[in-house]
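Thanks for coming. I will go through one structure today, a few residues at a time. Please look at the sequence and the model before I start.

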Amino acid sequence: MSFAQAFPLVSQLPNGASGASKQQNFGPDLSVRLICPDCRDPNPKIVEEFGSGDLVCGDCGLVLGDRIVDTRSEWRTFANDDGDDPSRVGAASNPLLDGLDQLDTMISFKDGGSGMARELQRTASKSTAAKTERNLLSAFRDIGNMCDSINLPKAIADIAKQLYKRTDEEKILRGKSTDAIVACCIFIACRQGNVPRSFKEICQLTRVPKKIIGQCFKVIEQAFNLTARPTNGQATNGGSAQPAGGASTGTSAEDLLARYCNYLDLHPTVQSVCRDVVLNAREHSIAQGRSPVSIAGGAILFTTQLLGKNKQVKDISQVAGVSESTIKLVYRLFCAAKEQLVNPEWLESGKADFSRLSAVDGPKVA
Ligand SMILES: [Zn+2]
């Protein structure tokens with residue numbers, strides 16, 4: 001069985017009508033039946049003779065095939081005792097390690113003092129096949145550990161691993177350090193899984209400079225055409241909040257809000273108001289060109305002030321990973337256009353109040 005290639009290269013994608021010439025998948029032909037050519041019985045009695053490795057017709061004794069594989073378990077099962085049948089050997093195969101030797105050879109240390117074991121081990125460790133495998137495995141381990149450390153689910157880690165493997169196979173980031181590629185893969189995986197993390201967060205996690213991640217990101221994005229694809233088959237029309245202009249195919253401010261508001265221990269209603277503020281701001285092109293994190297930070301400060309929730313600029317700055325002055329700057333831009341940002345019904349219900357918006361110090365808006 002074969003599956004469509006994950007993260008196909010742009011250069012290999014069929015151009016022209018999208019989806020019309022879909023890659024053909026092959027599977028086993030289930031209509032094939034094995035019958036004895038002598039008896040031609042539609043319900044053949046075919047016997048597998050494991051002792052001799054032959055496939056025999058039970059009626060006439062004709063040998064239909066030889067060298068059949070014995071698929072029975074290698075030991076006697078005590079299924080009644082344990083409750084489960086251990087007739088399968090080894091761990092489930094890992095599709096991420098497809099094509100690699102998943103069966104390892106271990107060389108014993110015991111050689112009766114002849115020194116042969118050490119020689120053999122040195123030779124085994126030099127083999128190049130083992131080296132690429134080791135690199136891939138260690139990268140997978142890094143991705144797993146890092147995703148665990150910021151509580152990302154396994155699905156995200158798997159996307160990152162798959163992307164890393166594809167990058168490795170196509171050799172599109174030759175010369176970049178493994179750390180950089182790993183960082184970039186996690187970044188993209190978060191986006192694809194709709195749990196975006198900012199470059200800054202990935203930098204903190206992986207200790208790879210933002211510039212390097214950015215460089216890798218551009219290369220991978222172009223090679224696999226990541227922006228054009230809807231994330232993991234989810235319909236793009238479903239997300240009505242997406243801007244029509246395509247200004248942010250990647251991380252947008254409202255994607256970040258939920259997480260930031262959670263970290264700040266804000267009520268979901270505050271979060272939804274905050275979201276509306278961000279969407280209104282985009283509609284009226286307020287604070288345009290600012291990064292999503294700055295807009296998210298500024299919007300949280302604006303909303304909390306508006307709703308009379310006391311949150312320190314310092315705390316927001318820490319959560320969003322943006323400087324206080326940037327947050328204040330966006331905040332002042334929002335204050336200047338407050339009539340456009342605030343829905344009238346919030347004011348009528350008394351939930352929001354312009355008088356709560358306090359002036360913040362800091363550099364003047366250029
Ligand atoms: Zn027969």
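**Salt bridges, rings, cores and a zinc site**

Lysine 154 and aspartate 158 are four residues apart in helix 4, so about one helical turn separates them. Helices here are DSSP runs of H or I with at least four residues, strands are runs of E with at least two, and both are numbered from the N terminus.

Before going further, a word on the source. This is a predicted model, in which local features need pLDDT of at least 70 and side-chain atom pairs count only at pLDDT 80 or more, while totals for chains, interfaces and linings use all residues. Residues are numbered from 1 along each chain as its sequence is written, and side-chain values use heavy atoms, with hydrogens and water left out.

Back to the pair. Lysine 154 forms a salt bridge with aspartate 158, and their closest N and O atoms are 2.9 Å apart. The term means a side-chain nitrogen of Lys or Arg within 4 Å of a carboxyl oxygen of Asp or Glu. Are the two partners buried or exposed? Lysine 154 is exposed, at 62% relative accessibility, and aspartate 158 is partly exposed, at 23%. The cut-offs are under 20% relative accessible area for buried, over 50% for exposed, and partly exposed in between, with a 1.4 Å probe and protein chains only.

How many salt bridges does a search of the whole structure find? It finds seven. Another one joins glutamate 170 and arginine 166, at 2.9 Å from N to O. These two are also in helix 4, four residues apart, which puts about one helical turn between them. Arginine 166 is buried, with 4% relative accessibility, whereas glutamate 170 is partly exposed, with 26%. Both belong to a network of salt bridges that links Lys165, Arg166, Glu169 and Glu170.

A further salt bridge is between arginine 259 and glutamate 201, 2.8 Å from N to O. This one links distant parts of the chain: arginine 259 is in helix 8 (residues 253-263), glutamate 201 is in helix 6, and 58 residues lie from one to the other. Arginine 259 counts as buried, at 13% relative accessibility.

Next, the aromatic rings. The whole structure has six aromatic pairs. Rings of Phe, Tyr and Trp (its six-membered ring) pair if their centres lie within 6.5 Å; planes under 30 degrees apart count as stacked, over 60 as edge-to-face, and the rest as tilted. Phenylalanine 7 and phenylalanine 224 have ring centres 5.9 Å apart and planes at 45°, so this pair is tilted. Phenylalanine 7 sits in the segment before strand 1 and phenylalanine 224 in helix 7, 217 residues apart. Phenylalanine 7 is buried, at 5% relative accessible area, and phenylalanine 224 is buried too, at 1%.

Phenylalanine 187 and phenylalanine 199 are stacked, with 4.2 Å from centre to centre and 10° between the planes. Since phenylalanine 187 lies in helix 5 and phenylalanine 199 in helix 6, the pair ties together parts that are twelve residues apart in sequence. Phenylalanine 187 is buried, at 1%, while phenylalanine 199 is partly exposed, at 22%. Ring pairs join Phe187, Phe199 and Phe217 into a cluster.

Now the cores. A nonpolar core is a set of buried Ala, Val, Leu, Ile, Met, Phe, Trp, Tyr and Cys residues joined through side-chain atoms within 4.5 Å. The largest has 40 residues, and those with the most contacts inside it are Ile143, Tyr164, Ile186, Ile188 and Ile220. Which helix gives the largest share? Helix 5 does, with eleven residues. Apart from this core lies another, of 39 residues, including Ala281 and Val322.

Last, the metal. The zinc ion is coordinated by the SG atoms of Cys36, Cys39, Cys57 and Cys60, at 2.1 to 2.4 Å. Donors are N, O and S atoms within 2.8 Å of the metal (3.2 Å for Na, K and Ca); water is not among the atoms, so sites may look incomplete. Why is the arrangement tetrahedral? The four donor atoms subtend angles of 106 to 112° around the zinc ion, and four donors count as tetrahedral if all angles lie between 85 and 135 degrees. Along the chain, the donors follow the spacing C-x2-C-x17-C-x2-C. Cysteine 36 is buried, at 1% relative accessible area, but cysteine 60 is partly exposed, at 40%.

Key:
Tetrahedral: all angles 85-135°; square planar, octahedral: opposite > 155°, others 65-115°.
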